[in-house]
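Biologist: I would like to learn how to read a few features of a structure. Could we take them one at a time?

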Amino acid sequence: MSALNVLDEINKIYPEEEVKILAKAYHFAKDAHKNQKRASGEEYFTHPCSVAQILIGLKMDYATIVAAFLHDVLEDTPVSASDIESEFGSEVLALVEGVTKLDKIEFKSKEEEQAENFKKIFVSMASDIRVIIIKLADRLHNMRSLNFLSHERQVRMANETLEIYAPLARRLGISKLNCELEDLCLKYNDPEAFEYLAENIHHKIEEREAFVKKVVDELRGIIFESNIKGEVFGRPKHFYSIYKKMKKKNLTLDQIYDLTAVRVLVNTVDECYELLGKIHKRWAPMPGRIKDYIAMPKENMYQSLHTTVVTTFGRVFEIQIRTYEMNNTAEYGIAAHWQYKEQKSSTDNFDKRLSWIREVMEWQGGLKDSKDFLESLKGDIYNTELLVFTPKGEVVSLVKDSTPVDFAYRIHTQVGNRCVGARVNGKMVPLTTVLQVGDIVEIITSNTTKGPSWDWLKFVKTNAARAKIKAFYKKEKADEMNKLGKQMLEVEAKNRGYSFGELLTADAFSRLSEKMSFTGQDEMYIAVGSGAVSVNQILVKLIDIHKKEHRPKVNHYPTGITAKVVHSTGDVTIKGVDGLLVRFARCCNPVPGDKIIGFVSRGRGVAVHRADCPNMRAEDPNRFLEASWTGKAGEEGYTASLRINAKEDAQVLSLVSNACAKFNMFILAINGRIDNKKHVAVVDITLKINKKDDLDNFIKFVQADKSIIDVFRNNN
């Protein structure tokens, strides 16, 4: 990036008095970064120049551009905060310090680092949204020059960008940044897919451009006949959106018809709808592919009409129709506010865009740490795709599968806390009802209700609702309920012959929390003390965990015998008894090479289990016997059960068949299903094997396939 390019662009866009300050910032930063180099070997100053140019392209205000030039000087040069304030004022200093604080902190772990960064981002956005816009531009330029870093750092930065920064750009409506960030992430996360798309899309570019020209010409004809002033142009879709569609729908590139969309820009909303009708009269629309984001804007205020049509030349095509103002909002998102900040419509849109940030900061106060905050955000901030209505016709955006309780808390915290019922489309429904797009939802409240039910945590989908429910229990009589709940648990544990302190280990509480959604022990005590959760619910789970953790040891006996195994031809040695019937346990199917134990079952002799069999953890230790393999191979082989977790589109049966043929195994039973909650394929399989080495080789072979998530021994 040359100095001339940046300064020339500044001269063209900004007024003379602002140009002077921008030029001053440029030279100030250049001097500060003198003699510093980037990983590429370039002068370091090329980075702040490039960040500034990205923001100039978004037409940000001059203070943001000044801060872009200076955004690294506090961290990487001797320049002080007072130097910046004296030269450029407190507004610029606040922006520079805001960006610097996002990067300057020490952490105990990568997970904590990501969580804390996420929280700091939202704190920064709440104080001045320009901080995150600078940070997005900074991340974009770093992604553009990622090829100079190690592969490990490339992948780490790409993952972080895809998980945090690209969705933030999308939520802020800045598609110019979001699309390029996602494409760059794909380049490093799946380089083979990126190269494939680049090569094959470019290969057919002439054919596609010829087709797009036909569509554009016909649309221009429709606009001319309608006496409407407007523009029509083709817009290639970015690689990552094509990649996601191929993955999600298991399509090949040849099966994706809308590699390029045509966009129509007009002056008024009425003209948008008029053209939509005339386009559908010319070409048949595909059912279910018409989306009206003008009447129901997205959460980031994106507005447009989308329709997919079957053209007269036999090709499917997507057409987007919007006004010039809507297009500007779609391209620049929240950054468009600084282009039109004198207009009331811009101010209104700006306030609406910031409302979700303010809401996040409102309920995040009830969360204990940054990790909770991160988990709470991931669902809500990036997955708003369900639009429903209030009885007055106002649009409310929720996450998929939300319930009336989520809706209530989206309206207001007190509406959620006082919710006692709901009507959907005029009919009373349970609060667990899953809402559908277009539902009209009415919440019934009562001033006499004590507050939300803890059981709501089992079915609410928005993390905002979850946080507000938990916050209620934290605030309402927290100290009193805390002491009472702890006392109740201690007394009842003693009545059952346990010390509560012995039961409530750190690991036990962690496992309990997975089942009951507690984020801390105080929260558990308050839930018990308030009656939201019973003492029995807590103690039953803790006692069960305690029993499993104190697994019995195998008794060692001085004498031993070799006993014939029933229902199998393999031999084992059982020490300490004689004359008992011996068999393999079917719950864990031990095979030679597994560590094993004998278990004396009443009336059925000795059952041989794997030493790690979960069914043995709570059994009487006096009934365990030491067992070992004799080393003699069984003539009929052994059975082993496995569970395979794979991607939904995985060809598991074919993979398993190949593995069985390779290692000379037989499939005795196989059962598969799709876990819709986790979006994985689950396959349970029982194999006939000769020795454990074969099973280990089978598992390694299957695990090597990219579509496989996990393979492990199963218990029937």
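Predicted model: local features only at pLDDT ≥ 70, side-chain atom pairs only at ≥ 80, totals over all residues.

Biologist: What span does helix α21 reach from its first C-alpha to its last?

Modeller: Helices (H or I, at least four residues) and strands (E, at least two) are DSSP runs, numbered from the N terminus. The expected span of a helix is 1.5 Å times one less than its number of residues. Helix α21 covers residues 463–475, 13 residues, and reaches 18 Å, close to the 18 Å expected. Helix α11 (residues 175–189) has 15 residues and reaches 20 Å, close to the 21 Å expected.

Biologist: How many residues of α21 are buried?

Modeller: Buried means under 20% relative accessible area, exposed over 50%, and partly exposed in between (1.4 Å probe, protein chains only). Ten of the 13 residues of α21 are buried, so the helix is mostly covered. Among them are Lys468 and Phe472. In α11, the buried residues include Leu177, Asp183 and Tyr188.

Biologist: Which residues does Asn417 contact, leaving aside its neighbours within four places in sequence?

Modeller: Contact means heavy atoms within 4.5 Å. Asn417, in helix α20 (residues 413–417), is in contact with Tyr409, Thr449, Gly451, Pro452, Lys468 and Phe472. A polar contact is a pair of N or O atoms within 3.5 Å; within protein, one must be able to donate a hydrogen and the other to accept it, and residues adjacent in sequence count only if both atoms are side-chain atoms. One of 2.7 Å joins the side chains of Asn417 and Tyr409.

Biologist: Why does Asn417 count as buried?

Modeller: Asn417 counts as buried because its relative accessible area is 7%.

Biologist: Where is Leu504 found, and is Leu504 buried or exposed?

Modeller: Leu504 is in the loop between α23 (500–503) and α24 (506–516). Leu504 counts as buried because its relative accessibility is 12%. Leu504 and Gln521 are 17 residues apart in sequence and 9.4 Å apart in space, C-alpha to C-alpha. Gln521 is also one of the contacts of Leu504, as are Met524 and Leu542.

Biologist: In which strand does Ile670 lie?

Modeller: Ile670 lies in strand β19 (residues 666–675), and counts as partly exposed because its relative accessibility is 39%.

Terms used: Residues numbered from 1 in each chain as written. Heavy atoms only, no water.
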